[in-house]
Amino acid sequence: MKKRCPWCEINELEVAYHDQEWGVPVHDDRRWFEFLILEGAQAGLSWNTILKKRDNYRKAFAGFDPRKVARFDGRMRAVLMRNPGIVRNRLKIASAVTNAQAFLSVQREFGSFDRYIWQFTGGNPKRNRWRAMRQVPAATPESDAMSKDLKRRGFRFVGSTICYAFMQATGMVNDHMVTCFRYREIK
């Protein structure tokens, strides 16, 4: 039996996410935008809740196309507020639209969101060596800097804790436990 990080052993959905996605370095702008929306939606909720709603988010937010989401108007936001398949929080829905607009600005300035976001780890994943979940921080100086800069650029729902979860999910940091089989697999 494979040894995994203890947080993912709740159900098959989390195990699959852990085994296939979590901590794998992202370099595709649409995937970056997907995680930006999902991590913001997760604020105050469990990641399991968001994973269960992920396909609904993909449909509701135009396949995570930031160009389309940036054009969502008040009418579309009202439609989203009635969608039981997503977290129906007015501020989180509004932030997805605002973040799409800010995301496009970053792409114009840097050529890609990928080029921009990786600067916070010097262009490479940070490989931690945690042996217990209690060692894993909720935020780091890198996530603090990311949060501050994203907020300066108009992003919302990007506090340092959310940014660190974003960094973990997208492979900017490898926070798999050293005893987890994925720790060695992810380079």
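Student: Which element gives the largest share of the lining of the largest cavity?
Tutor: This is a predicted model. In it, helix α6 gives the largest share of that lining, with five residues.

Student: What is the volume of the largest cavity, and which residues lie nearest its centre?
Tutor: Its volume is about 100 Å³. The lining has 15 residues, and Ile37, Ala41, Lys92, Ser95 and Ala96 lie nearest the centre. By class, the lining divides into ten nonpolar, three polar and two charged residues.

Student: How many cavities of 30 Å³ or more are there?
Tutor: The structure holds two of them. The second largest cavity has a volume of about 40 Å³.

Student: What lines the second largest cavity?
Tutor: The residues are Leu36, Glu39, Gly40, Leu150, Phe157, Val158, Ile162, Cys163 and Phe166. Both α2 and α9 supply at least two residues of this lining. Seven of its residues are nonpolar, one is polar and one is charged.

Student: Let us turn to the open spaces. What is the volume of the largest pocket?
Tutor: The largest pocket has a volume of about 440 Å³. It is lined by 20 residues, and those closest to its centre are Trp7, Trp22, Trp47, Ala165 and Gln168.

Student: Which helix gives the most to the lining of the largest pocket?
Tutor: Helix α9 does, with six residues. At least two residues each come from α1 (12–20), α2 (29–42), α3 (47–60) and α9. The lining as a whole has 13 nonpolar, four polar and three charged residues.

Student: A new topic, then: how is the packing of two helices described?
Tutor: One gives the angle between the two axes and the distance between them.

Student: At what angle do α8 and α9 cross?
Tutor: The axes of α8 (residues 141–152) and α9 (residues 160–169) cross at roughly 110° and come within 8 Å. Therefore α8 is roughly perpendicular to α9.

Student: Is the crossing left-handed or right-handed?
Tutor: The crossing of α8 with α9 is right-handed.

Student: Which residues make the contact?
Tutor: From α8 they are Glu142, Ser143, Asp144, Met146, Ser147 and Leu150. From α9 they are Ser160, Cys163, Tyr164, Phe166 and Met167. This contact of α8 with α9 has six nonpolar, three polar and two charged residues.

Technical notes. Residues numbered from 1 in each chain as written. Predicted model: local features only at pLDDT ≥ 70, side-chain atom pairs only at ≥ 80, totals over all residues. Heavy atoms only, no water. Axes fitted to C-alpha atoms, helices over the stretch in contact; angles between N-to-C directions. Helix = DSSP H or I, 4+ residues; strand = E, 2+ residues; numbered from the N terminus. Parallel < 35°, antiparallel > 145°, perpendicular 65-115°, else oblique. Left-handed = near helix turned anticlockwise from the far one by under 90°. Contact = heavy atoms within 4.5 Å. Nonpolar A, V, L, I, M, F, W, Y, C, P; charged D, E, K, R; others polar. 1 Å grid on protein atoms, 1.4 Å probe; cavity = no way out; pocket = protein on both sides within 12 Å on 5 of 7 lines; lining within 4 Å. Points joined across faces, edges and corners; volume = space filled by probe spheres on them.
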